[in-house]
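Hi,

Here is the structure I promised to pass on to you.

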Amino acid sequence: MSSSKSSNKGFVYREFGNDNSAATERGIPELPPQQQNLKVQASRKGRKGKTVTVVSGFQTKPEVLADLVKQLKTQCGTGGTVKDNEIEIQGDHKQKILDILVKLGYKAKISGG
């Protein structure tokens, strides 16, 4: 009887062991630029008074965002990053970023005042 319990592999709870991260990874639908509705807004909230331009609403892979943020940083001549599927560019560059995104085929608009 004890041999059947030791060979039972139907785990109910496992804290450590084989990591099955593919099962917990959420899929992001890859949409073409024309179908994405992006919002461009300037924000100072939580940044010690420094203004950053935030572009949100992306539905694409992180590799595409990394290439896009590199291009935006070069065009604006400033720093930036990708956080939580949003692009943050240092400074108030709403209009310039909007023009660049529209040229690349994205549907973007300025949000907020």
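Valine 102 is found in helix α4, which covers residues 94-103; helices here are DSSP runs of H or I with at least four residues, strands are runs of E with at least two, and both are numbered from the N terminus. With 47% relative accessibility, valine 102 counts as partly exposed, because that class sits between buried (under 20% relative accessible area) and exposed (over 50%), using a 1.4 Å probe and protein chains only. Valine 102 has a C-alpha that lies 9.4 Å from the C-alpha of glutamine 34, although 68 residues separate the two in sequence.

Before going further, a word on where this comes from: it is a predicted model, in which local features need pLDDT of at least 70, side-chain atom pairs count only at pLDDT 80 or more, and totals for chains, interfaces and linings use all residues. Residues are numbered from 1 along each chain as its sequence is written, and side-chain values use heavy atoms, with hydrogens and water left out.

Another pair of this kind involves alanine 66, in helix α3 (residues 62-76). Alanine 66 and valine 82 are 16 residues apart in sequence, and their C-alpha atoms are 7.1 Å apart in space. Alanine 66 is partly exposed, at 38% relative accessibility.

Now the chain as a whole. It has 4 helices and 5 strands, and along the sequence they come in the pattern α-α-β-β-α-β-β-α-β. Of its 113 residues, 24% are buried. If we take contacts (heavy atoms within 4.5 Å) between residues at least 6 apart in sequence, 52% of them join residues at least 24 apart. The accessible surface, from the Shrake-Rupley method with a 1.4 Å probe, is about 8400 Å², and carbon and sulfur atoms account for 49% of that.

The partners are glutamate 88 and arginine 47, at 3.0 Å from N to O. Glutamate 88 belongs to strand β4 and arginine 47 to the loop between β1 (37-43) and β2 (52-56), so the pair ties together parts that are 41 residues apart in sequence. How accessible are the two partners, glutamate 88 and arginine 47? Glutamate 88 is buried at 11% relative accessible area, whereas arginine 47 is partly exposed at 23%.

Strands β3 (80-83) and β4 (86-90) each supply at least two lining residues, and β4 gives the most, with 3.

Finally, two backbone angles. Lysine 48, in the loop between β1 and β2, has a positive phi near 55° without being a glycine, and lysine 48 is exposed at 83% relative accessibility. Asparagine 85, in the loop between β3 and β4, likewise is not a glycine and has a positive phi, near 60°. Asparagine 85 is partly exposed, with a relative accessible area of 24%.

Best wishes

Terms used: Salt bridge = Lys/Arg side-chain N within 4 Å of Asp/Glu carboxyl O.
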